[in-house]
Amino acid sequence: MATRIATIPRKDWKRPSARRVQAVRQRLRELYGIPVIGPHGDPLGELVLTVLSQSTNDRNRDVAFLRLRSRFASWEEVRAAPVAEIEAAIRPGGISKVKSQRIHDILEAIGDPLDLEWMRDAPLAESQAYLCALPGVGRKTAACVLCFSFGLPDVPVDTHVSRVCTRLGLLRPGAPFEELHNELARITPEGAALEFHMNLLRHGRRTCHARSPGCGGCALARMCPSRAI
Ligand code: SF4
């Protein structure tokens with residue numbers, strides 16, 4: 001049976017103080033540490049990887065990505081290839097027909113130079129707008145590219161991050177997707193985007209499950225307004 005948690009009424013929600021956000025960050029750090037892998041500096045690879053991650057697990061995504069990288073010597077080659085060849089390469093990742101067309105369309109839309117390195121030093125809003133204008137690219141994918149590639153202050157909000165943050169009162173219950181991203185980017189401590197995302201995700205996967213959150217053994221229970229009583 002699902003655990004009953006105390007959902008925060010929307011009207012009672014208030015934006016958390018910086019001190020409270022730091023306290024949550026610190027507690028998560030004590031539990032999960034600081035991610036040792038830093039930003040990888042490959043925005044185009046991250047963009048394609050994120051397309052491949054849709055509706056599949058991490059393993060199948062990675063197999064599809066490695067097959068794509070080993071079959072083509074460069075992103076320019078992927079772009080020039082027939083879509084059917086891209087599809088064959090990424091087949092283990094599932095819904096390969098849709099994803100291959102999406103990858104092709106994105107690479108076409110970027111044009112030349114086929115490079116997103118400029119985003120490292122560009123204004124964040126400019127990079128977000130550019131990415132979100134690419135075919136099939138939304139706010140979460142844009143945040144993945146900016147956060148995982150360069151460590152920029154845009155925190156990807158997936159289902160786990162959204163659930164944990166809402167239960168902890170960091171984000172407004174029922175907020176639309178765009179607001180969740182804007183708000184989490186706003187409250188995340190400087191330089192902590194990657195760490196915050198990774199640790200919130202871990203907590204959602206390991207303890208704060210969707211149907212049966214482990215409030216009884218949760219290290220954040222004392223600071224959580226939603227904990228099951
Ligand atoms: S106490 Fe922990 S597990 Fe329970 S709702 Fe809060 S964060 Fe999730």
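Q: Before that, how are residues numbered, and what pLDDT do local features need?
A: Numbering starts from 1 along each chain, as its sequence is written. The model is predicted: local features need pLDDT of at least 70, side-chain atom pairs count only at pLDDT 80 or more, and totals for chains, interfaces and linings use all residues.

Q: At what angle do α2 and α3 pack?
A: Helix α2 (residues 43-52) packs against helix α3 (residues 58-71) at about 130°, and their axes are 9 Å apart. Helices are DSSP runs of H or I with at least four residues, numbered from the N terminus. Axes are lines fitted to C-alpha atoms over the stretch in contact, and angles run from 0 to 180 degrees between N-to-C directions.

Q: What does that make α2 relative to α3?
A: The angle makes α2 oblique to α3. Under 35 degrees counts as roughly parallel, over 145 as roughly antiparallel, 65 to 115 as roughly perpendicular, and the rest as oblique.

Q: Which residues make the contact?
A: V48, L49 and L52 contribute from α2, while R61, A64 and F65 contribute from α3. Two residues are in contact if their C-beta atoms, placed from the backbone, lie within 7 Å. The contact residues divide into 5 nonpolar, no polar and 1 charged. Here Ala, Val, Leu, Ile, Met, Phe, Trp, Tyr, Cys and Pro count as nonpolar, Asp, Glu, Lys and Arg as charged, and the others, Gly among them, as polar.

Q: And how do α1 and α11 pack?
A: Helix α1 (residues 18-32) and helix α11 (residues 193-206) meet at an angle of about 70°, with axes 10 Å apart. This makes α1 roughly perpendicular to α11. R25, L28, R29 and Y32 of α1 make the contact with F196, N199, L200, R202 and H203 of α11. That set comprises 4 nonpolar, 2 polar and 3 charged residues.

Q: Switching to the ligand, how many residues surround it?
A: The ligand is surrounded by 15 residues, and the closest are C208, C215, C218, C224 and R227. A residue is near a molecule if its C-beta atom, placed from the backbone, lies within 6 Å of it. The shell divides into 10 nonpolar, 3 polar and 2 charged residues.

Q: Now the loops: where is P113, and is its peptide bond from D112 cis or trans?
A: P113 lies in the loop between α6 (96-110) and α7 (124-132). The bond from D112 to P113 is cis, with omega near -5°.

Q: What is phi for S55 and for I95?
A: Phi of S55 is near 55°, a positive value in a residue other than glycine. Phi of I95, also not a glycine, is positive as well, near 30°. S55 sits in the loop between α2 and α3, and I95 in the loop between α5 (83-90) and α6.

Q: Is S55 buried or exposed?
A: S55 is exposed, because 12 other C-beta atoms lie within 10 Å. I95 is partly exposed, with 14 such atoms within 10 Å. The cut-offs are 20 or more other C-beta atoms within 10 Å for buried, 12 or fewer for exposed, and partly exposed in between, with C-beta atoms placed from the backbone.

Q: Where is L170 found, and which residues is it in contact with?
A: L170 is in the loop between α9 (159-167) and α10 (177-187). L170 counts as buried, with 22 C-beta neighbours inside 10 Å. Leaving aside neighbours within four places in sequence, L170 is in contact with P16, V21, V24, C165 and I187. L170 and K14 are 156 residues apart in sequence and 8.5 Å apart in space, C-alpha to C-alpha.

How values were computed
Helices (H or I, at least four residues) and strands (E, at least two) are DSSP runs, numbered from the N terminus.
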